[in-house]
Structure formats: structure tokens, C-alpha cells
Amino acid sequence: GEARRCGRMAAVTGGFSAFRAPVVGREELGPGLVRLALEAPELKAAAPGQFVNVLCRDPQALDPLIRRPFSLAGVDRARGLAFLVVKVVGRASSWLSARQPGDSLDLLGPLGRAFRRPDAGAPVLLVGGGTGTAPLLFLARELAASGGGHRVFAIAGFRDASHAIMVDDLRDAGAEVAVMTEDGSLGGRGTAGQAAASAWREARAVFACGPWGMLQALERLRRQDPRPLQVAVETMMGCGAGVCLSCVVPWRRAHGHRVTGWARACVEGPVFDAEELAWERCPS
């Protein structure tokens, strides 16, 4: 009604909105892992790789003060729904993971640069580590819906079987999925980055999201056998709009943006072409 319309009054600047989104679904995926469904038609134009910044506290509280970034794990455009995967690591994520249907969240989004689509028919490799699998599921579903004729192979790496998430969702999206766990409790023993070597040759486009160590392993593969590689980096993003500069990563490009030598993950990223990054200066 009127209260809902007022609550959705959006301050639209630079292509994103500030708005409140009701929680309409909650699913526990594993220990400290939750998937939330939000009623958020403001995000219907969002693309895989983009994210939202969430205010993770009660309206009357001041702590935690800074918003937290979360990749979009999917968007149901017909129903106006968006999905987030939350891993509990601190106060903010603990608060967010406890939200229930009927609660509402204060969001900014959609933010950041998305994955660029591969050429039609190109075999695609998706490499995800932990919750980095979430934006790749979004991408897999978009590729399946596009009718581009892509064969999609996905490698999903997790700490152990209890932390494996969205594997069946990836298969339902049409991907051929290999699972890796560090202790061998599910799928192969090892990391997603290690497993990518066996699938690398067949791919004509590679998309990845996960820890820096995994991304560094993929960059080593790219140097040995060049492939178009796009990576979504995981870093803290305080404002999400390119102002605070808390999320900068080493960057090779010298022209075309306001930041030279450093790129803002929230604006120039979080998705980067691998050749854009100065990998020797990135975390390992």
C-alpha cells in the first residue's frame, strides 16, 4: 500500500537505487550459510557479477555502521525477486543471515561491472570458490536462458561437504559440474583452481569468482595457455559507489578512468579482465 510505496522511494543516481526490499524467503544451505529471497523489482535489470550493498543493522542502531557487499546469486525478472547468499563471518553477516520473511532490508544496487557475455556457441568454464559460486550460478542461468548454445562446465570448490552449496542449482541450470573439497569429503580432493587445469583446454571463455589464491592459480593457467578470463574479485567495499576508495586493486590500465594505477572494485569492477590486473601486486 501507501507505506510500501513510501518505503520504496528510491534515490536514483548513477544507475543504481537506494530502496528497501522485503525478505520473502529464507533457506539454510549449510553451517552459517543462508540464501535469502528478496522482493526487489529495482534489481530486475541487474546482470551476473553485479552486487548490492546492504545495511546490516536494525533501523535504530548505528553498529555495524558500514554497509556490506553481497553478490547477486540470481534475479527472477518475471516475479521481481533477487537472491543473496550470506556466509556468517562477523556481526553484519550474522545479523543479515538471521532475517526472516516479513523483515525488510535497506539496499543500494545494482552496483559494479558485470560479466561480459561470451560469443555464441563458445564452450564456457565457470570456476567458483565457496560463496564465489553464487554469481556464477546467476551467470549459468542467464547463459541457459540466452539460447546461445553454450556448453557450460562448472568447477565448484569448498572447504568440505558441509559447505558445498548450489551444486544441484548449477546442474539444474544446465552446467556439467565437478565438485572439489579440500578434505576430499565430496567430489575430488583439492581446490577449484587445481581442478581447472584439466578443463582449461576445452574452454573458450573462463569466468571465476572466489578467493585470491584461486584467482591467482587461474591467472597462471592463462599465462601458460591464453584464454579470455574474467574474474570477480572479493574485497571489502565500504560505499559501493567509488567514493571511499577502500576496495582498490592494482590495475594495469593507464587511461579511461579517474583512477590510474588502482581500480575501484565497486566501479571499474568487481569483474575484471585478467589482463587488466597487476597480478604480481594482488593478494595471493
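Modeller: The lining of the largest pocket divides into 21 nonpolar, 14 polar and six charged residues. Please keep in mind that this is a predicted model. The volume of this largest pocket is about 960 Å³. Its lining is made up of 41 residues, and those nearest the centre are K87, G129, T131, G132 and E234. Two or more lining residues come from each of β4 (68-76), β5 (81-87), α2 (91-97), α3, β8 and α5. Of these, β4 gives the most to the lining of the largest pocket, with four residues.

Let us turn to the next pocket. The second largest pocket has a volume of about 210 Å³. R116, A205, P228, L229 and Q230 are the closest to its centre among the 16 residues that line it. Both β11 and β12 supply at least two residues of that lining. By class, the second largest pocket is lined by seven nonpolar residues, one polar residue and eight charged ones.

Strands β11 (205-209) and β12 (229-232) also turn up beside a helix, α6, whose buried residues pack against them as well as against β7, α5 (192-199) and β13 (248-250). Helix α6 covers residues 212-224, 13 residues in total, and reaches 19 Å from its first C-alpha to its last, close to the 18 Å expected at 1.5 Å a residue. The buried residues of α6 include W212, L215, L218 and L221, along with Q216, E219 and R222.

Rolling a probe the size of a water molecule over the atoms shows where empty space is left. The structure holds one cavity of 30 Å³ or more, and about 30 Å³ of space lies in the largest cavity. Lining this cavity are L126, G128, T133, L136, A154, I155, A156 and L170. At least two of the lining residues come from each of β7 (124-129), α3 (133-146) and β8, with β8 giving the most, three residues. The cavity lining has six nonpolar residues, two polar ones and no charged residues.

Is H163 buried or exposed? H163 counts as buried because its relative accessibility is 16%, and the cut-off for buried is under 20%. The side chains of H163 and S162 are joined by a polar contact of 3.1 Å. Beyond its neighbours within four places in sequence, H163 is in contact with P31, L33 and F158.

Conventions
Residues are numbered from 1 along each chain as its sequence is written. This is a predicted model: local features need pLDDT of at least 70, side-chain atom pairs count only at pLDDT 80 or more; totals for chains, interfaces and linings use all residues. Side-chain values use heavy atoms; hydrogens and water are left out. Buried means under 20% relative accessible area, exposed over 50%, partly exposed in between (1.4 Å probe, protein chains only). A polar contact is a pair of N or O atoms within 3.5 Å; within protein, one must be able to donate a hydrogen and the other to accept it, and residues adjacent in sequence count only if both atoms are side-chain atoms. Contact means heavy atoms within 4.5 Å. On a 1 Å grid over the protein atoms alone, a cavity is a set of points where a 1.4 Å probe fits but cannot get out, and a pocket is an open set with protein on both sides within 12 Å along at least five of seven lines; lining residues have an atom within 4 Å of a point. Grid points are joined across faces, edges and corners, and a volume is the space filled by probe spheres set on the points. Ala, Val, Leu, Ile, Met, Phe, Trp, Tyr, Cys and Pro count as nonpolar, Asp, Glu, Lys and Arg as charged, and the others, Gly among them, as polar. The expected span of a helix is 1.5 Å times one less than its number of residues.
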